[in-house]
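Open the model in your viewer and keep the selection panel at hand. The stops below are meant to be visited in order.

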Amino acid sequence: MNLHEYQSKALFSEYGIGVPKGYLITALSELDGALDVIKSNGWVVKAQVHTGARGKAGGVKLVKTPQEAHQVASELLGGSLVTIQTAGKALPINSLLIEETLAIEEELYLSLLVDRVTCTHTFVISSAGGMDIEAVAEETPEKILSIPIDPTVGVMPYQCREVGFALGLKGEAFKQIGVLMKQFYQLVLDKDISQLEINPLIRTADNQLIALDAKVNIDSNALYRQPALVKMRDYSQEDRREAKATQHDLNYIALEGDIGCMVNGAGLAMATMDLIKLNGGEPANFLDVGGGATPERVSEAFKLILSSNVKSILVNIFGGIVRCDLIAEGIIQAVKEVGLTIPVVVRLEGTNVELGREKLAQSGLSIITADGLADAAAKAVEVAGK
């Protein structure tokens, strides 16, 4: 789960990490109040959307007068933003962060993420921070330093010194980088964060380190431990179908094909999509209804699948924890509720499979049964073509 910049900076402030003075607005009528609160020679107007590269896409603007601020805010607020990271999707701009301007001496990069190779939290730092950090990683990787953190001892003083020397910091800034790294690490542990990023981390004219930007990604598997953070979730920034799936405890990812998939188990779902491709079809989605699927969840899953342009639906259920007869009830309920007119291919195996198949056969609905996974995928592709 992602947080907006203003939410991330609020977390930073709780942990003593320096951020610029800022004010959030959700309507143009609030802008004058924000400018009055933030006494500055100029302001930065930032679109609050869940993506990076906002500056290059026109989502971050420097203004020097209240008139300029009004013009920029009126152009951004209520509009949308597409960046190189949104894959062509336009994200709605429902709020703006108005911040003070600061005297920047140097732009640095600092992030803390989970390294899947070393199985540790790892700091990634660079003296070449700013909008082109991706180019730095590609063209001059020697400018990027990784510092893995041993979970048994945490952030060690020698690692802080190593980072300080690598960034060329001196005096107060050198002291602050060590404190910042420890604050970062504690924040990650406390809030179940999978990635923190400051780009740029600036060194000001008076040698202070300030987080000019902030990105926070929270481990979705740990949200049950973070009720306060869950309240910060902005569903408007997510795919509408994926957001709805989350509310029903369904794992759903929209794809570009026309064959809807409903499967229990992530591995089985991947295999199902592979077989659809192998038979010349294109899956419309990844959908894992989970091991504890109920008729109600199956019904919601069908509605999600039908929210995209599909020509057939393949239901592939292995009844271990969940019984096949319950899945059959859910399929029948969903088909009746939504008035389904496209072909549905069902493959059931496992607990109460015969009872499940019997219920489907007696439903009076036009449901195509399959004997195995390969047979089901072939039939789903065939009827989609018709």
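The tour goes through the aromatic pairs and then moves to a helix.

This is a predicted model, in which local features need pLDDT of at least 70 and side-chain atom pairs count only at pLDDT 80 or more, while totals for chains, interfaces and linings use all residues. Residues are numbered from 1 along each chain as its sequence is written, and side-chain values use heavy atoms, with hydrogens and water left out.

**Aromatic pairs**

There are two aromatic pairs in the structure. Rings of Phe, Tyr and Trp (its six-membered ring) pair if their centres lie within 6.5 Å; planes under 30 degrees apart are stacked, over 60 edge-to-face, and the rest tilted.

Select Phe12 and Phe184: their pair is tilted, with 5.6 Å centre to centre and 55 degrees between the planes. Phe12 sits in helix H1 (residues 5-14) and Phe184 in helix H6 (residues 171-191), so the pair ties together parts 172 residues apart in sequence. Helices are DSSP runs (H or I, at least four residues), numbered from the N terminus. Both Phe12 and Phe184 are buried, meaning under 20% relative accessible area; exposed is over 50%, and partly exposed lies in between (1.4 Å probe, protein chains only).

Next, select Phe165 and Phe174, a tilted pair at 5.0 Å centre to centre and 55 degrees between the planes. Phe165 is exposed at 61% relative accessibility, and Phe174 is partly exposed at 22%.

**Helix H9**

Finally, select Ala266, in helix H9 (residues 266-278). Ala266 is partly exposed, at 41% relative accessibility. What does Ala266 touch, not counting residues up to four places away in sequence? The contacts (heavy atoms within 4.5 Å) are Phe286 and Asp288.

Terms used
Helix = DSSP H or I, 4+ residues; strand = E, 2+ residues; numbered from the N terminus.
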